[in-house]
Amino acid sequence: MVEISRDDGRTPNQLRPLACSRNVLHRAHGSASWSQGDTKVLAAVYGPKAGTKKNENPEKACIEVIWKPKTGQIGKLEKEYEMILKRTLQGICILTINPNTTTSVIIQVVHDDGALLTCAINAACAALVDAGIPLRHLAVAICCCLAEGGYVILDPTKLEEQKMKGFAYLVFPNSIQSVLPQGSALVEGEPIEHGILTSVTHGVMSVEEYLKCLDRGRAACAKLSDFFRKVLKVQLPSDSSKSG
């Protein structure tokens, strides 16, 4: 196995330093900033608001995602990101609790240095928790890149992304039981712990290479889940101090 050297000195499986803060925007119902290395995203949640939109369902809540690039207009790629994010969030929210309402999730890109979509998914998930939106489980997202030599690297920088022949955005469920004790009743013992919520691939990769990405991604998501738990546990007990 060839030793891969990365510009920032990380090993292939090593994530960049993680940082997350909740309740960062005071006018939103919930908010979070999430960064991995120099990639940083702000997520704001507004709602649930009473049904006003055409696409609303009297049986279910509706999730809307609005992507705001750092500069310029929203393009085809950002529209794709909105769709992937919407599908992912619909998969983790319990949509039957507030039927005929819309919850808006606004994603503001602060800085993009690679793995942007996965950072946005992680930020949105933390913001939904901050807003108290009922969730089936948390989601943790990771980007796995495939280089020419067939080796996999995790959590790429922008420069690394540009050199890769393919990459996979993978989103795994992380049981909310481990974070919110009162949420445990909402987890209907779904055996989806080792499943996958969202998988998006770009570029060229064989099935074997994809499965390699899946294995690496799943292993790394354990670290992300632990980080999520720490962040949410630290802030949950002290939430009452906000009113003080």
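1. How many of the 10 residues of strand S6 (residues 137–146) are buried? In this predicted model, 10 of the 10 are buried, so strand S6 is largely enclosed by the rest of the structure. A residue counts as buried when its relative accessible area is under 20%. For the chain as a whole, buried residues make up 50% of the 244 residues.

2. Strand S6 has a partner in strand S7 (residues 152–154): three bridges join the two, and they run antiparallel. Within this pairing, Cys145 has Ile153 of S7 as its bridge partner. The two strands form a hairpin, with five residues between them. Gly150 lies in the turn and has a positive phi of about 90°.

3. The overall plan may be considered next. The chain contains four helices and nine strands. Read along the sequence, these elements follow the pattern β-β-β-β-α-β-α-β-β-α-β-β-α. Of the contacts in the chain with a separation of 6 or more, 73% are between residues 24 or more positions apart.

4. Five of the strands form an open sheet, in the order S1-S2-S3-S5-S4, with mixed pairing. Strand S1 (18–22) and strand S4 (62–68) stand at the edges; each has a single partner strand, so one side of each is left without a neighbour in the sheet. From one strand to the next, the twist averages 15°.

5. Lys68 stands opposite Gln108 in S5.

6. Helix H1 (residues 76–92) lies across S4 and S5 and runs at about 150° to S4. Helix H2 (residues 116–131) packs on the sheet, where it touches S1, strand S2 (30–36), strand S3 (39–50), S4 and S5. The direction of H2 makes about 150° with that of S2.

7. How are H1 and H2 arranged relative to each other? Two packed helices are described by the angle between their axes and the distance between the axes. Here the axes of H1 and H2 come within 11 Å and cross at roughly 40°. H1 and H2 are therefore oblique to each other, since an angle under 35 degrees would be needed for roughly parallel. H1 passes H2 in a right-handed crossing.

8. Which residues make this contact? From H1 they are Tyr81, Ile84, Leu85, Thr88, Leu89 and Ile92. From H2 they are Leu116, Leu117, Ala120, Ile121, Ala124, Cys125 and Leu128. By class, the contact has 12 nonpolar residues, one polar residue and no charged residues.

9. Ala44 is located in strand S3. Is Ala44 buried or exposed? Its relative accessibility is 5%, so Ala44 counts as buried. Leaving aside neighbours within four places in sequence, Ala44 is in contact with Leu25, Ala28, Gly30, Ser31, Ser104, Val105 and Ile106. The C-alpha atoms of Ala44 and Ala127 are separated by 6.2 Å, although these residues are 83 residues apart along the chain.

How values were computed:
Residues are numbered from 1 along each chain as its sequence is written. This is a predicted model: local features need pLDDT of at least 70, side-chain atom pairs count only at pLDDT 80 or more; totals for chains, interfaces and linings use all residues. Side-chain values use heavy atoms; hydrogens and water are left out. Two strands pair if DSSP finds at least two bridges between them. Axes are lines fitted to C-alpha atoms, for helices over the stretch in contact, and angles run from 0 to 180 degrees between N-to-C directions. Contact means heavy atoms within 4.5 Å. Angles under 35 degrees count as roughly parallel, over 145 as roughly antiparallel, 65 to 115 as roughly perpendicular and the rest as oblique. A crossing is left-handed if the near helix is turned anticlockwise from the far one by less than a right angle, and right-handed if clockwise. Ala, Val, Leu, Ile, Met, Phe, Trp, Tyr, Cys and Pro count as nonpolar, Asp, Glu, Lys and Arg as charged, and the others, Gly among them, as polar. Buried means under 20% relative accessible area, exposed over 50%, partly exposed in between (1.4 Å probe, protein chains only).
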